Amino acid sequence: MNNAASMLPIVLIGGGGHASVLADILLRQGREIVAVICPDDVSQRRVFSGIKQFIKDSDVEQFSPNDVRLVLGVGAMPKSNFREKIASYFIELGYRFENVIAETAFVSEYATIGNGVQIMEGAVIQTGAFIGQHSIINTSVLVEHDCLVGAYNHLAPKATLCGQVETQHGCYIGANATVIQGITLGAFSIVGAGAILTKPLPSQSICYPFRSIIEPY
């Protein structure tokens, strides 16, 4: 499930907010972060104190793929495949990505977790669930039994997938959104923050939450 047993040093790709949360988890777990790869100044984030910073993606090549594991610290945004492009670049160079699973997350021993998956504080992954590679399961997300989460998904904080939901490649589930049981989401579809999805969502489409409209009279 989690490949942290390798205990190889970590090179963190990215230096923004998402990367800082991952660094915090890794450092608490006793992992060594030998470098942060980010073109922007990271010195204002105390979690990176004492960690060497490099600017270019190509700088990672000074570390042998056999000697380090990478963690993809770039956050996910709707309608963007930027994370996938970054991961593919390093995979083609022969590097492997580490799973990051917070201590406070619950992951059933009967769940299946792909490579490079990140499971944040308070998340719950129930029995029979499958999480595809490089997906982000953010803070306090609930993935119920037998859900199939595709690769490069982002489940934002407190999103809920009820039982037997299937999300295909590149889906984005917004904060506090709920997908009821048995629903399928097509590739690159988006469920807006706070929405409740009760029917299948086609590929490259958006489910918006209810919005109050206030107009003068």
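Buried means under 20% relative accessible area, exposed means over 50%, and partly exposed is in between (1.4 Å probe, protein chains only). Keep that scale at hand for this tour.

The model is predicted, so local features need pLDDT of at least 70 and side-chain atom pairs count only at pLDDT 80 or more, while totals for chains, interfaces and linings use all residues. Residues are numbered from 1 along each chain as its sequence is written, and side-chain values use heavy atoms, with hydrogens and water left out.

**Stop 1: Arg31 and Glu98**

Select Arg31 and Glu98. Their side chains form a salt bridge (2.9 Å, N to O), a term for a side-chain nitrogen of Lys or Arg within 4 Å of a carboxyl oxygen of Asp or Glu. The pair links distant parts of the chain, 67 residues apart: Arg31 is in the loop between H1 and strand S2 (33-37), and Glu98 is in the loop between helix H2 (82-92) and strand S5 (100-101). Helices (H or I, at least four residues) and strands (E, at least two) are DSSP runs, numbered from the N terminus. Arg31 counts as buried because its relative accessible area is 5%. Glu98, at 1%, is buried too.

**Stop 2: helix H1**

Now select Asp24 and Arg28, whose side chains meet in a salt bridge of 3.0 Å, N to O. Both lie in helix H1 (residues 17-28), four residues apart, about one turn of the helix. Asp24 is partly exposed at 37% relative accessibility, and Arg28 is partly exposed at 41%.

**Stop 3: Asp59 and Lys56**

Here the side chains of Asp59 and Lys56 meet in a salt bridge (3.5 Å, N to O). Asp59 is buried at 16%, whereas Lys56 is partly exposed at 49%. The structure holds five salt bridges.

**Stop 4: the largest pocket**

Select Ala76, Met77, Ser80, Asn81 and Tyr152, which lie nearest the centre of the largest pocket among its 18 lining residues. A pocket is an open set of points on a 1 Å grid over the protein atoms alone, where a 1.4 Å probe fits, with protein on both sides within 12 Å along at least five of seven lines; lining residues have an atom within 4 Å of a point. H2 gives the most to this lining, with three residues.
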